[in-house]
Amino acid sequence: MFAYYLDLALRSFRRSKALTALVIVLMGCGVATCMVSFAVFRAAAADPIPWKSHQLFVPQIDNFGPAHNWKGEPPQLLSYTDAVALLHARQARRQVLIYGSKWTVLPGDAQHLPSSQEGDAVSHDFFAMFDAPFRYGGGWSASDDDQRAAVVVISSALNRKLFGGADSVGREINLDTHNYRIVGVLDDWNPSPRFFDVSSTWYPFSHPRQLYVPFSRAIDLQKAASTNFYCSTNSVDPYLLNWDSVLHSECAWIAAWVELPTRADVERYRDWLHNYAAEQQRVGRFAWPPNVRLSDVGQWLQMMKVVPKASALSLIVSVSFLLICLVNVVGLMLARFMRRAPEIGVRRALGASRGVIYRQFLTEAAAIGLAGGVFGLLLTALGMAGIGKVFEPEIARLARLDASLFLLTVLVAVAASMIAALYPTWRAAQVQPAWQLKSNG
């Protein structure tokens, strides 16, 4: 029977080519607009580490107090005092401290000029916690952290620039006039967004860092943070004083992460965090009750509003455009179906039930939707090629027309067409055979 309904649909298409083409174009345009925006939104809102996001948490401690925090929320970053206390307490499976800085790479030969590179000062658990892939070597050890060792992990891009992509583990590079031994070269790795330092970087979809040095080494060298630096209004600007003032200030500038594999670990760590803040209140450092937070990756990205407003707004506008297209499709399908009222009346008089009419016209709508989906795929491909002119390049490069988006485009077109056909089909099924036979008799 499906083949019969499909044959009837094809015959109907040939009888009203212009109207059919208009419906297909409307569906294609509406679906393509929606899918391009969805591809961008999906890329921006995707879980950057889905296999582990429920195990990674950001601890927050309110060291500003209720008079200076933001609507009762603790600072997004930690002060040096709290960050080091968290690291040394070792209450989690892994704990990581991060802050961004800029480093001058001095080449080993006169043919190359010095270059400024973005880097992160991190503790040694960083690479294992975030499953950073290595092309050569690996991360440094806990003893390297303790000894403030002059070691570095570099990106594959920097490795290609300095060493032509060869295995450079064991070789040295000069950073800020100090020699550092390369212990690892990362593979191409750029989580989007850069969730692990989204609170300390200016833009979470920026290019990946080019080098990573031990956190303790950077502190020992008095390496200033190049990223966000928050101070409460009653704090003295630490940059006007010495490095020791920076470390002992209540300014927040260090990102912290902990790995907690089980729910029991999460609850235990949350209790420890509360008790730590209570202890700071008891010794007189805090003059307010404990105010702490512990957020996993998803909660953290939502709290930080990482998804660009432009992509979310674009998706809303695109869905609205698709709905407008569907309203027009409903009108066009109603005109298509009701023009065939005499045909419907004859079929009903010959014994066709309303269920048969429903199946016939919904099959026709599905066929139109399939054609609209194919046309929508072509428009989606064109739209994906030009999204860099509408969205930020860092966001646009993440959007892909993959197999899932290919399938979703077709499914949305077919489903939308069938939904749009429900009312016209219902009207067609209500045609009274007697009236039609009398009017044509």
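Q: Is L273 buried or exposed?
A: The structure is a predicted model, in which local features need pLDDT of at least 70 and side-chain atom pairs count only at pLDDT 80 or more, while totals for chains, interfaces and linings use all residues. Residues are numbered from 1 along each chain as its sequence is written, and side-chain values use heavy atoms, with hydrogens and water left out. A residue counts as buried under 20% relative accessible area, as exposed over 50%, and as partly exposed in between (1.4 Å probe, protein chains only). The relative accessible area of L273 is 0%, and L273 is therefore buried.

Q: How many Å separate the C-alpha atoms of L273 and P59?
A: L273 belongs to helix α9; helices (H or I, at least four residues) and strands (E, at least two) are DSSP runs, numbered from the N terminus. Along the sequence, L273 and P59 are 214 residues apart. In space, the distance from C-alpha to C-alpha is 7.8 Å.

Q: Which element of the chain has the lowest confidence?
A: Confidence is expressed as pLDDT, the predictor's value for each residue from 0 to 100. The chain has a mean pLDDT of 84, and 84% of its residues reach 70 or more. Where pLDDT is low, the predicted coordinates should not be read in detail. The highest mean in the chain, 97, belongs to strand β5 (residues 151-154), and the lowest, 51, to helix α17.

Q: Why is α2 described as roughly antiparallel to α11?
A: Axes are lines fitted to C-alpha atoms, for helices over the stretch in contact, and angles run from 0 to 180 degrees between N-to-C directions. Angles under 35 degrees count as roughly parallel, over 145 as roughly antiparallel, 65 to 115 as roughly perpendicular and the rest as oblique. Helix α2 (residues 17-45) and helix α11 (residues 309-338) have axes 9 Å apart and pack at about 165°. That angle makes the pair roughly antiparallel.

Q: How many nonpolar residues does the contact of α2 with α11 have?
A: Ala, Val, Leu, Ile, Met, Phe, Trp, Tyr, Cys and Pro count as nonpolar, Asp, Glu, Lys and Arg as charged, and the others, Gly among them, as polar. The contact of α2 with α11 has 8 polar and 1 charged residues. Its count of nonpolar residues is 22.

Q: Which hand has the crossing of α2 and α15?
A: The axis of α2 comes within 10 Å of that of helix α15 (residues 403-420), and the two cross at roughly 140°. They are therefore oblique to each other. A crossing is left-handed if the near helix is turned anticlockwise from the far one by less than a right angle, and right-handed if clockwise. The crossing of α2 and α11 is left-handed, whereas that of α2 and α15 is right-handed.

Q: Which residue of β7 is the bridge partner of I173?
A: Two strands pair if DSSP finds at least two bridges between them. Strand β6 (residues 172-175) runs antiparallel to β7, and 4 bridges join them. Within this pair, I173 has as its partner Y180.

Q: In which sense, parallel or antiparallel, do β5 and β7 pair?
A: Strand β7 (residues 178-186) is joined to strand β4 (residues 134-137) by 3 antiparallel bridges, and G137 stands opposite G184 there. Over 4 bridges, the sense in which β5 and β7 pair is parallel.

Q: Is T177 buried or exposed?
A: T177 lies in the loop between β6 and β7, strands that form a hairpin with 2 residues between them. Most residues other than glycine have a negative phi. In T177, however, phi is positive, near 70°, and in D176 of the turn it is about 55°. With 60% relative accessibility, T177 counts as exposed.

Q: How many residues of β10 are buried?
A: Strand β10 (residues 292-296) runs antiparallel to strand β1 (residues 56-61), and 5 bridges join them. In this pair, V58 is the partner of S295. Strand β10 has 5 residues and is mostly covered, the number buried being 4.
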